[in-house]
Amino acid sequence: MEKVPDITVVVPVFDEEDSLPTLQAEIVRALDPLGRAFEVVYVDDRSADRSLAVILDLQRTDGRVRAIALRARVGQTAAMAAGFDHARGEVVVTIDGDLQNDPADIPLLLDALERGADVVSGWRKDRRDGFVLRRLPSLFANRLIALVSGVAVHDTGCTLKAFRREVVEHLPIYAEQHRFLPVLSAGSGARISEIVVNHRPRRFGRSKYGLGRAARVLLDLLVVKMLSSFSQRPLSYFALLTAPFALLLIGLLASALANAEQITSGNGWGTVALFTTMILFMACVYFVMLGLLAELAVKASGMHRSRPHRPLSTAGFPAGEIVR
Amino acid sequence: MRSAPAVEETRQPAGRRSTHAGAVSVIIPVTKPTAEVGEVVRALTQELERLSRDHEFILVFDGVRGAAWLEAQRLSTERPEKVHTVGLQQSFGESVCLSAGYEKARGAILLTSPQYVQVDPSAIGPMLAAIDQGEDFVTSWRRRRVDPWLNRLQSNLFNWITRRIIHVKLHDLNCTFRAFRREVLEEMHLYGDMYRFLPAIAFRQGFRVTELEVVHLREWGGAGLFGVGVYARRLLDVLGMLFLAKFTLKPLRFFGAIGGLFMLLGGAMAAYIEIEHLVKGSGVYQRPLFLIGVLMLMLGVQIIGFGLVGEIIIYTQARNLREYRVERIWESRDDRERP
């Protein structure tokens, strides 16, 4: 009989009745040869179809399956958070319920963890989705995220990821943040690795994502950068944000002083430059104040005292597919 | 090797009170002393007994007494285990009545009814059946209405607007004859006009909501127009609530949208003046639009700054926010032997 499982596979499920039996079989086929104890946690996000019944069938035939039914539909991230909270394995693997990820890739991810990574993110190098609607926006977004955060993950949207549990245990998972878990955990000192994984076209059902995420990605970027690098000292982040305005302010002030005689006469560029300088100055002050407010929030929550997590790992850290 | 595991069902604590599976608690908010309490209780009892459902009535008096109160007292002395009365000291509105009723209710299914026999009670059967089949919330739709056309028009217009704004395909929010699982109210703080929008709110919270056509028997009150203010307040209430709920975890989505709009507008203004200055050589200092543009740009930047502070606050508090609620976990008993 199984003891404490070593690996937990978390599968958020929403309307996937057709693919689940295949998925379960594939997971078992991929993990059985490893000889490690594992469990598969299916989190049913209140599917409208028979998904839950299918999961319960799987649960009856295989004791390694655990089923979690949620009370209300909450979306993929929260469903995943439920899986994380109930995971018992040292290693947590997340995988899509729609068979687009290939469970045969899981051993590769586990391998990378063995070799010293704390978080392994799948990279669907050869994506089988529409180019214009799915791949292009994602390519663009991922490049931006990599550029801004300094964590070069090619494919934040890939659900197939593996984590050492202690790394993510301290990270709050909410809203759509599961995409940014690697980036966020890198902010607290985790070592991120990336593995090219297989991506298969959809066999059942339809895609549950839509377009219209471009603006959101930009906003998410601001947030991810702030949370991954500055969550302990937000004032620095706000100070950084004022930099462009401060530069502009200095330039305008110089321009105003150069046209100083127009300021007194009241008609000329000098006046406008002075006014604009004043507005920019106000903006800079406001930003610093907001930064102080944010600092206050962090201090009040006591979060600054929980030291950035430095995961213990004795294994060597080979170069190669390890990106960071 | 693996023997067939025994299935053990662990259940999350479902509130302080023990609930009766399958039992129905009927909550009736009473707002007028002329309420036909006796008739409602009689009609619903008859139907529930026909369905052989375990049931109880909870009559919540919204600060009113009068004939209805006496009637309710009589009913509850007659059948003390079936009829309970709750008297609020003053009028708090139907939402608070519902909350008070929920506190007392012991059934796993709650049924709310107007204070008179508005729709044919035979709808209870299909409603409860739908819940047994996995729906969380069943609301009724008076497809053929019997009230004056003026009221009907207003009501339909109100429902239409609500449908547009909240994106919920419900036709009749004004009929409070509804059945739902107790879980729907478990973590909901009810106030104001929320009772009216309850199906829409439940839907937005991720519960499964369905609609059932009912037979409209009669309607209280004559024809009349509600003021515009009444509707505006109702809609604002629900909008505020829904948007707050939606953006709590992602404040920058909200602030970013507003701030971005200001930035775009302001940037366009300033850029327009600047381009004219470069092309035509008209002086920037003669154009107040430039300064207004710069001001708006900065306003937008500030608003985004507020959003960022919001994000920080949410991030620091996120460990206290749990987005999901577990209904049930199935796992094999063998796995649970460890401490």
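This note goes through a predicted model of a complex, point by point.

1. **Basis.** Residues are numbered from 1 along each chain as its sequence is written, while chains are lettered from A and ligands numbered from 1 in the order in which they are written. The model is predicted, so local features need pLDDT of at least 70 and side-chain atom pairs count only at pLDDT 80 or more, while totals for chains, interfaces and linings use all residues.

2. **Confidence.** The predictor assigns the complex an ipTM of 0.74 and a pTM of 0.72. Two residues are in contact if their C-beta atoms, placed from the backbone, lie within 7 Å.

3. **Chain A overall.** Chain A carries 11 helices and 7 strands. These are DSSP runs numbered from the N terminus: H or I, at least four residues, for helices, and E, at least two, for strands. Of its 324 residues, 48% count as buried. Buried means 20 or more other C-beta atoms within 10 Å of the residue's own; exposed means 12 or fewer, and partly exposed is in between, with C-beta atoms placed from the backbone. Among contacts in chain A with a separation of 6 or more, 81% come from residues 24 or more positions apart.

4. **The interface.** The contact takes 51 residues from chain A and 48 residues from chain B. On the side of chain B that touches chain A, the elements giving two or more residues are α9 (251–280), α10 (288–317) and β9 (326–332) of chain B. The most come from α10(B), with 17 residues. By class, this side of chain B has 25 nonpolar, 8 polar and 15 charged residues. Nonpolar covers Ala, Val, Leu, Ile, Met, Phe, Trp, Tyr, Cys and Pro; charged covers Asp, Glu, Lys and Arg; the others, Gly among them, are polar.

5. Strand β3 (residues 65–70) of chain A pairs with β9(B) in the antiparallel sense, over 4 bridges. Pairing requires at least two DSSP bridges between the strands. L70(A) stands opposite V326(B) in β9(B).

6. **Helix packing in chain A.** The axes of α9 (residues 234–258) and α11 (residues 269–301) of chain A come within 9 Å and cross at roughly 170°. α9(A) and α11(A) are therefore roughly antiparallel to each other; that label applies to angles over 145 degrees. Axes are lines fitted to C-alpha atoms, for helices over the stretch in contact, with angles running from 0 to 180 degrees between N-to-C directions. The residues of this contact divide into 24 nonpolar, 6 polar and 1 charged.

7. **An enclosed helix.** In helix α7 (residues 194–204) of chain B, 11 of the 11 residues are buried, so α7(B) is largely enclosed by the rest of the structure. Among them are R196(B) and R204(B). Just after α7(B), G206(B) takes a positive phi of about 100°.

8. L99(A) has a positive phi of about 70° although it is not a glycine. L99(A) sits in the loop between β4 (91–94) and α4 (106–114) of chain A. L99(A) is buried, with 21 other C-beta atoms within 10 Å. S52(B), also not a glycine, has a positive phi near 45°. Its loop runs between α1 (37–50) and β3 (55–61) of chain B. S52(B) is exposed, with 7 other C-beta atoms within 10 Å.

How values were computed. Parallel < 35°, antiparallel > 145°, perpendicular 65-115°, else oblique.
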